[in-house]
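Here's a quick tour of a two-chain model. Have a look at the sequence and structure, then read on.

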Amino acid sequence: MKIILKYAAALLAMAFALAPIYWLITISLKTEIDQFASPPLWFHFTPTLRHYEGIFAHDAFGHYFLNSLIVSICSTLIALALGLPAAYGLARFRWPRDWANGISFWILSNRMLPPIVTIIPMFLMLRELRLLNSLAGLILVDVGLNLPFVVWMMRGFVEDLPREIEEAAMLDGESRLGVLLRIVLPLVRPGLAATAVFCLIVAWNEFLFALILSQTESAMTLPVGIAAHVTQYEIQWGAMSAAGVVAILPVLIFASAAQRYFVRGLSLGAIK
Amino acid sequence: MSLLVDNISKRFGSKDALRGVTLETRDGEFVVLLGPSGCGKSTLLRIIAGLEEPDQGVVTLHGRDITRLDPSRRDVAMVFQGYALYPHMTVAQNIGYPLRVRRRPSSEISSEVEKIAGRLGLGHLLRNEPKQLSGGERQRVALARAIIRRPRAFLMDEPLSNLDSRLRIDMRAELKHLQHELAVVTLYVTHDQVEAMTLASRIAILKDGILQQYASPNEIYHRPANLFVAGFVGSPAMNLLPGTVESGVFRRAGLSIESPPPGGRDLTLGIRPEDVDFSLTEQPGWTPARVWVTEDLGNETLIRLSIEGAFVTLRAPAGTRAEIDSLAWFRIRPDRVHWFDSQTTEAIR
């Protein structure tokens, strides 16, 4: 009885979470008439791939997709490359008084600000740097967005490593940088993978900055491109849903590829 | 003189970890740093390794000042309490790591690894990962990694303390033999006095960051420099009985000894448990006492007597029977007595 209740609760939660996705997928497969049928057609409709053909025929979609891929992968790699050494320094070096915590908190506090507050200064800065409407500009912004998270996550993982292992490596003749690259990096890999997936998802889904900072088609990312289906005269539900479904796929791939690390990484103690 | 530690001091916050410690060692010597936890022995080892910087003092190795040198450039190897093996490498990679860092050709590395592994009985484990090994095997891998590059000094921080007691005794003997073969100066930290006595050519006893005595195990045991050393080394510990000298006789409640050394009035008498004679029947000139407890160890019996609020522990032959609370007699062998000044705690010789 208890088990049945448990499964019932789990199913309910799952239905709640997956209903919008189901709705998205079905709309992407329905003709315009079926989309607006009342009462809604949950299961009985004739599926069509018209909308998918439509978005792939439309050149810009592939372009947005590629932009999104470039921005999220590059920004994630840069955020990890900058964040891991920072986290290592905060976790391991001797700081005067409580500076390590102070600096960490300051880094985190950058995430406490609602992003919209920073959008105008960000716009002005990127304009000065001539990085508006460029992928480089978006990459830079996403790095800034993800860096605090990387530093915090990785600081925790580094602190969980036994210090003795690093000291042993130094006595074996390894430099600090060598310790970071050849000892710490392989040992925090599960944590790094979990962090990377999170960064990829944040950058992939990022809408606000991409909307304001890239107004030309050449630099637009997928979320902005999808939103462009809301036009002055109509909302192209079918095309928008089809694009939405395609946009979900990379996130699913990132997450399932790193799932093994994800659970281990988020459940503390990377190598205990 | 191979390794010299000269007047080292170190503070952590408001606590003195080491105060003016000076130690010199001879080539190939096995020096044990012994003391209770928090006495500064590990800190001293870490300063020699370069993992801590001293506030004051100099460390030299074969005449070279290494005080401010990076750990990687000191040419010392260290074995840690937790072994500190690299979990993401195989046993062979762990052992060969110091050579790999030095960019030796891989053919040379693998032949060296095989040689060392064979010597330490690890030959069949080279492809395993550290987590598949037992405690004793991990310990051996850590040792192999330390000796493969033939450092100028070995530092060992309680390397045996995570092993079970039988294995510890085996490894202790193995370690001593290995150190003898390699003839490299070794500094070994432990709080276990049996390890210290069995391994060391000289023992340095530390307390509260101050060096108490630096001498051979024999000297430490038979001529302790002060009350702390006397009480710390030896199991069961030396009996220490404070008393006063009046007109040439040392007195304390229930006990008096003639002809104490000249000098102070407040003395502490020290006597090892094996230097106290025991009898169940009255003997002329012996001191009466109550049996407080007896502990039969098989090869000997430890008897603890109670005299006027103090205890005297003594070793009696195996099979000695004595009822708790029964009356017994003991005699302190006068030629084996250690005298200490109760105020300064220093030995009087």
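Predicted model: local features only at pLDDT ≥ 70, side-chain atom pairs only at ≥ 80, totals over all residues.

Residues are numbered from 1 along each chain as its sequence is written, with chains lettered from A and ligands numbered from 1 in the order in which they are written.

The confidence scores (pLDDT is the predictor's per-residue confidence, from 0 to 100) look like this:

| Item | Value |
|---|---|
| Chain B, mean pLDDT | 92 |
| Chain B, residues with pLDDT of 70 or more | 99% |
| Complex, ipTM | 0.84 |
| Complex, pTM | 0.82 |

Chain A has 14 helices and zero strands, counting DSSP runs of H or I of at least four residues as helices and of E of at least two as strands, numbered from the N terminus. Its C-alpha trace spans about 70 × 65 × 30 Å along the principal axes.

Now the interface: 17 residues of chain B are in contact with 16 of chain A, contact being C-beta atoms, placed from the backbone, within 7 Å. On chain B's side, strand 6 (76-79) and helix 2 (91-101) each supply at least two residues.

As for packing, Ala204(B) is in contact with Leu23(B), Val31(B), Leu33(B), Leu34(B), Leu211(B) and Tyr214(B), leaving aside neighbours within four places in sequence.

How values were computed
Contact = placed C-beta atoms within 7 Å.
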